[in-house]
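Biologist: Please take a close look at one helix packing in this model. Then follow the strands as well.

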Amino acid sequence: MTTDLAAQDLLRAAGIGRPDWAVVLGTGLGAFADALENPIAIPYAAIPGFPQSGVSGHEGRLIAGRIGRSRVIALQGRAHYYENGDAAIMRTPIAMLAALGTGALILTNAAGGLREDLAPGTVALITDHINFSGRNPLIGEIGDARFVPMVNAYEPSLNARFRAAAQRLDMPLPEGVYLWFSGPSFETPAEIRMAVMLGADLVGMSTVPEVILARRFGLRCGALSLVTNYGAGLFGGAPSHDETRKVAADGSADMVALLTETLREPLSEKLA
Ligand code: HPA
């Protein structure tokens with residue numbers, strides 16, 4: 001039995017069925033899981049094939065519960081490429097969510113902002129990405145499923161839902177292109193100037209391989225960044241992990257509010 005099927009069986013045994021939404025919670029964003037009603041929490045260590053994250057600010061628990069009319073699975077903490085050099089490190093959790101029939105997967109992250117309006121504390125909608133790492137989680141896979149189309153990988157109708165929810169909350173929701181640097185070192189100012197020239201608005205060390213995997217398994221995706229700092233050398237930006245964690249924790253209320261407002265209604269089978 002493959003690990004994602006074993007993981008799926010474990011969830012079913014715990015009474016967790018098809019979620020309307022799944023959310024991967026990035027650095028310092030674990031607070032969203034506290035908003036779930038009737039939660040059931042399972043440590044990653046107990047789920048076959050789930051990677052352990054050694055990064056502070058990442059809890060390492062799956063939490064299933066409800067928001068409004070929706071069933072939601074939150075992955076509180078993710079593992080990153082830079083932890084062991086495996087770009088497919090999140091393959092089992094994402095394959096499992098797809099096998100469960102998850103309606104849509106929302107990725108969240110802490111990111112550096114490359115435009116002045118993407119100031120620390122801002123929540124931003126990711127509308128496209130640049131895979132600058134040179135890595136791909138599908139390298140080595142056999143068969144035609146690896147040739148994943150990436151147009152509209154960030155599902156336009158999900159983006160529309162986020163925009164509508166932000167409007168209801170009277171919250172600005174700037175949008176941008178996210179560029180994946182492998183990390184774990186932060187960027188140099190020269191690298192950030194290059195990212196700007198390439199057309200990036202946000203930079204970070206996650207999300208891109210997860211979106212590629214999610215599209216590989218046919219999951220609809222949306223993604224949000226919480227900007228924790230300006231990119232190195234831009235507008236005084238000098239990012240550090242401590243700053244990322246602190247700003248993400250302090251600024252997570254807007255992210256939690258936007259997720260809660262967006263996810264309270266399940267998606268219909270056919271996206272409007
Ligand atoms: N660069 C890369 N990753 C990040 C940053 C950054 O500036 N901020 C938060 N995660």
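Modeller: Helix α1 passes helix α3 in a right-handed crossing. This is a predicted model. By class, the contact of α1 with α3 has six nonpolar, three polar and two charged residues. The geometry comes next. Two packed helices are described by the angle between their axes and the distance between the axes. Here α1 covers residues 3–13 and α3 covers residues 91–100. Their axes come within 8 Å. They cross at roughly 60 degrees. The 65 to 115 range counts as roughly perpendicular, and under 35 degrees counts as roughly parallel. The two helices are therefore oblique to each other.

Now the residues. On the α1 side, the contact uses T3, D4, A7, Q8, L11 and R12. On the α3 side, T92, A95, M96, A99 and L100 meet them.

Now the strands. Strand β7 spans residues 175–180 and is mostly covered. Five of its six residues are buried. β7 pairs with strand β6, residues 123–131. Six bridges join β6 to β7, and the two run parallel.

Notes: Residues are numbered from 1 along each chain as its sequence is written. This is a predicted model: local features need pLDDT of at least 70, side-chain atom pairs count only at pLDDT 80 or more; totals for chains, interfaces and linings use all residues. Side-chain values use heavy atoms; hydrogens and water are left out. Axes are lines fitted to C-alpha atoms, for helices over the stretch in contact, and angles run from 0 to 180 degrees between N-to-C directions. Helices (H or I, at least four residues) and strands (E, at least two) are DSSP runs, numbered from the N terminus. Angles under 35 degrees count as roughly parallel, over 145 as roughly antiparallel, 65 to 115 as roughly perpendicular and the rest as oblique. A crossing is left-handed if the near helix is turned anticlockwise from the far one by less than a right angle, and right-handed if clockwise. Contact means heavy atoms within 4.5 Å. Ala, Val, Leu, Ile, Met, Phe, Trp, Tyr, Cys and Pro count as nonpolar, Asp, Glu, Lys and Arg as charged, and the others, Gly among them, as polar. Buried means under 20% relative accessible area, exposed over 50%, partly exposed in between (1.4 Å probe, protein chains only). Two strands pair if DSSP finds at least two bridges between them.
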